[in-house]
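Welcome! Take a moment to look over the sequence and the model, and then we will walk through them together.

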Amino acid sequence: ALVGVAGACLFFGDGVITPAISVLSAVEGLEVSSPELQEFVLPISAIVIVVLFALQSRGTASVGRVFGPVMAVWFVVIGLLGLVEVVRNPTVLLALSPTYAVAVVVHDHWVAFFTLGAVVLCVTGAEALYADMGHFGRQPIRLTWMAYVLPSLVLNYFGQGALVLADNTAVVNPFFLLAPDWLRLPLVVLATAATVIASQALISGAYSMARQCVQLGFLPRMTVSHTSATEEGQIYVPQINTALAGGVLLLVFAFRTSDSLAAAYGIAVTGTFLCTCFLAAVVFRRQFHWSRWATISVFGALFLLDLVFFTANIVKVPEGGWVPLVLGLALIAVMTSWKRGRDLLLARWQHDSLPLASFLARLPRSRIVRVSGTAVFLTGNPEYVPNALLHNLKHNKVLHERVLFVTVLNLDVPEVPQAERSSVEQLAPGIHRVVIRYGFMESPNIPRDLAGLRVQGVDFDPMQVSYFLGREVLVPAMVPRMPIWRLWLFLVMARNAVSATEFFRIPSDRVVELGVRVAI
């Protein structure tokens, strides 16, 4: 689990660094076409970033109509620019022979090692490519990558190499110098649009990752808005959007150039590679039942390769590589503190709560007045009576005619089949236990799923339902069971988390909240 948390945190760091370095590198093309425009690079980059994040609430579906044609033109243009230069200087194709790489490793291995720190920037994007696969599917990505994107990129990289071989002064910015003078300014505009679109993949991936972390219990509840009526995976998380926008702008004005950010970018990406390689090995071993030898042979080799790239980038820590490490450690502290705090809170609930079996055994002999209507009580542990019910009995001294104890379970699967969504068990006359299951890529909707219980014989009228929720006021215990800084972090997140009413999409006019102070 810790490796998964570390990988998620590094990916969030990647989501901050990628838009910053991408937009900066594109807008810096202005310096190549007109050096006097250098002072406008930062303001233009900031404006582009602000507009990019401001448009996120509209969803990728609405802007996707522009993204597709722009990217199609982008890859054609960069492929043709590279092809023209390769035709002029075809000797660059000798680089296809591995003998040159072997010679560099043998005769100057330190140069080869440090070169890997720069080479890794040519293969970045793979970690973003699969972060949002739910939006497109595996086959479209495979087809587009192999038949269109990869050939265009290879041609452009070879073209840049051919240009530098012909004129070593072009090393300052070989990409934009591939274009003739009249095309450089339009190329800057096209590159900026392309980098905005490339950043979109990381931003959308960050939304999906955040929702999965919430469902798995590593982050507090957040607002999740669906931006598409047909694609369940297209979402918008305003809290994550604001945090990313602030982080990207901070990096742009702190580092000021894309070269300065390159070190930070390399560590974030290669660190993500390491975590995902390890997790992939676990998946293939447990889910696909690979033998231990096959798993170690395949993923061990990949892990060593990723480790070499990561080590080559570690030396850049003083130059800016500390940024993703600091971001990653901070986010790991946030996630682990939330997880630990929730575990302690659950343990305190179990300690103070009344076992459900005892409550049901006493119910027939009690003089509790039953009133008409349906009451829904949310409970994290189906074996105990919700505190909201106990407080309602204590103060109002009534129990509804129909009572549903509802427990939401978040499973370690992307989506739960509709047939397995909910299960119902009758505990006593008019009292049912309901378990609703969601995958980590799904957003809960309790009223909708409770309405589906009618086919299972539960009389459920949405207009006659009252939802009773417990609102805990968390305070530090006399002897805290967490370090003070972790406890403070947990309390801050708990107080700013989205309410259960909003998160579970419960109509606010049908909610009754009963508060209680809880010391942890």
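Let us begin with F377, which is buried because its relative accessible area is 1%; buried means under 20% relative accessible area, exposed over 50%, and partly exposed in between, with a 1.4 Å probe and protein chains only. Please keep in mind that this is a predicted model, in which local features need pLDDT of at least 70, side-chain atom pairs count only at pLDDT 80 or more, and totals for chains, interfaces and linings use all residues. Residues are numbered from 1 along each chain as its sequence is written, and side-chain values use heavy atoms, with hydrogens and water left out.

Now step back to see the whole chain. It has 520 residues, of which 45% count as buried. The chain has 19 helices and eight strands; these are DSSP runs numbered from the N terminus, with helices being H or I of at least four residues and strands being E of at least two. Its C-alpha atoms fill a box of roughly 95 × 45 × 45 Å along the principal axes. Among contacts between residues at least 6 apart in sequence, 78% join residues at least 24 apart, where contact means heavy atoms within 4.5 Å.

Next, look for the aromatic rings. A search of the whole structure finds 16 aromatic pairs. Rings of Phe, Tyr and Trp (its six-membered ring) pair if their centres lie within 6.5 Å; planes under 30 degrees apart count as stacked, over 60 as edge-to-face and the rest as tilted. In one of these pairs, the ring centres of W74 and F175 lie 5.7 Å apart with their planes at 45 degrees, so this pair is tilted. It links distant parts of the chain, since W74 belongs to helix α4 and F175 to helix α9 (residues 174-177), 101 residues apart. W74 and F175 are both buried.

F377 has an aromatic partner too: with F468 it forms a stacked pair, 4.9 Å centre to centre and with 20 degrees between the planes. Here strand β3 (residues 369-378) supplies F377 and strand β7 (residues 465-475) supplies F468, so distant parts of the chain, 91 residues apart, are linked. F468 counts as buried because its relative accessibility is 5%. Elsewhere, ring pairs link F284, F288, W290 and F299 into a cluster.

What about the surface? The accessible surface of the chain comes to about 26500 Å², and 66% of it belongs to carbon and sulfur atoms; such areas come from the Shrake-Rupley method with a 1.4 Å probe, and for residues only the protein chains shown count as cover. On the surface, V76, L80, L83, V87 and L155 form a nonpolar patch with about 410 Å² of accessible area together. Helix α4 (residues 60-88) gives the most to this patch, with four residues.

Finally, two spots in the backbone deserve a look. Most residues other than glycine have a negative phi. R256, however, has a positive phi near 70 degrees, and it lies in the loop between α11 (238-255) and α12 (258-286). R256 counts as partly exposed because its relative accessibility is 49%. K397 also has a positive phi, about 55 degrees, although it is not a glycine. You can find K397 in the loop between α16 (387-396) and β4 (398-410), and it is exposed because its relative accessible area is 55%.

Technical notes:
Patches are made of residues with over 30% relative accessible area and no salt bridge: like charges are joined within 9 Å, nonpolar side chains (Val, Leu, Ile, Met, Phe, Trp, Tyr) within 5 Å. A salt bridge is a side-chain nitrogen of Lys or Arg within 4 Å of a carboxyl oxygen of Asp or Glu.
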